[in-house]
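Reader: I have a fold to learn for class. Can you walk me through it?

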Amino acid sequence: MIKVYLDDLRTPPAGFTLVKDARTAIELITESWDMIEEISLDHDLGDEDRYGNGYQVVCEMEDFVFNTRPTHLPYIHVHSANPIGRKRMEYGIRNIEKMINA
């Protein structure tokens, strides 16, 4: 099983695969969804035009889940210190959970 850690500054916990930009995170998550055990997301990744942000990852995960209807649900959480970004991301994660658990 894979554990994904999206962050540009923090060191990931042991056992996590570090990803530093939204595009790479989206590719890894959507290509490996059924093998992912846990996803931990930061919102701010530096230069947003270049690296994106964690909310973009959540939006892409929502689209992926809506379009593919997987049955597997990784544990997804936010470790961002950005309160507004965190709230938006947590709302999207709740949507993902509702779609999978419906």
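Author: We'll take the sheet, then the helices, then a few residues.

Author: This is a predicted model: local features need pLDDT of at least 70, side-chain atom pairs count only at pLDDT 80 or more, and totals for chains, interfaces and linings use all residues. Residues are numbered from 1 along each chain as its sequence is written, and side-chain values use heavy atoms, with hydrogens and water left out.

Reader: OK. What order do the strands of the sheet have?

Author: The order is E2-E1-E3-E4, in an open sheet of four strands with parallel pairing. Strands (E, at least two residues) and helices (H or I, at least four) are DSSP runs, numbered from the N terminus. Two strands pair if DSSP finds at least two bridges between them.

Reader: And which are the edge strands?

Author: Strand E2 (17-19) and E4, as each pairs on one side only. From one strand to the next, the twist averages 15 degrees.

Reader: How many bridges does E3 make with E1?

Author: Five, in the parallel sense, with E1 covering residues 2-6. Leu 6 stands opposite Leu 41 in E3. On the E4 side, E3 has four bridges, again parallel, and E4 covers residues 75-78. There, Leu 41 faces Val 78, Ser 40 faces His 77 and Ile 39 faces Ile 76.

Reader: Is E3 mostly covered or mostly open?

Author: Mostly covered. Five of the six residues in E3 (36-41) are buried. Buried means under 20% relative accessible area, exposed means over 50%, and partly exposed is in between (1.4 Å probe, protein chains only).

Reader: Which E4 side chains are buried?

Author: Ile 76 and Val 78, which point to one face.

Reader: What about H1 and H3: at what angle do they cross?

Author: Roughly 25 degrees, with the axes of H1 (22-32) and H3 (54-68) coming within 9 Å. That makes H1 roughly parallel to H3. Angles under 35 degrees count as roughly parallel, over 145 as roughly antiparallel, 65 to 115 as roughly perpendicular and the rest as oblique. The crossing of H1 past H3 is right-handed. A crossing is right-handed if the near helix is turned clockwise from the far one by less than a right angle, and left-handed if anticlockwise.

Reader: Which H1 residues meet H3?

Author: Ala 22, Ala 25, Ile 26, Ile 29 and Thr 30. Their partners in H3 are Gln 56, Val 57, Glu 60, Met 61 and Phe 64. Contact means heavy atoms within 4.5 Å. By class, this contact has seven nonpolar, two polar and one charged residues. Ala, Val, Leu, Ile, Met, Phe, Trp, Tyr, Cys and Pro count as nonpolar, Asp, Glu, Lys and Arg as charged, and the others, Gly among them, as polar.

Reader: And how do H3 and H4 cross?

Author: At roughly 15 degrees, with axes that come within 9 Å. That makes H3 roughly parallel to H4. H3 passes H4 in a left-handed crossing. By class, their contact has 10 nonpolar, three polar and two charged residues.

Reader: Now Ile 100. Is it buried or exposed?

Author: Ile 100 is buried, at 12% relative accessible area. Ile 100 is found in helix H4. Beyond neighbours within four places in sequence, its contacts include Trp 33, Val 65 and Leu 73. Thr 71 is 29 residues from Ile 100 in sequence, yet the two are 5.9 Å apart, C-alpha to C-alpha.

Reader: Last one: where is Arg 69?

Author: In the loop between H3 and E4. Arg 69 is partly exposed, at 46%. Its phi is near 50 degrees, a positive value in a residue other than glycine.

Notes. Axes fitted to C-alpha atoms, helices over the stretch in contact; angles between N-to-C directions.
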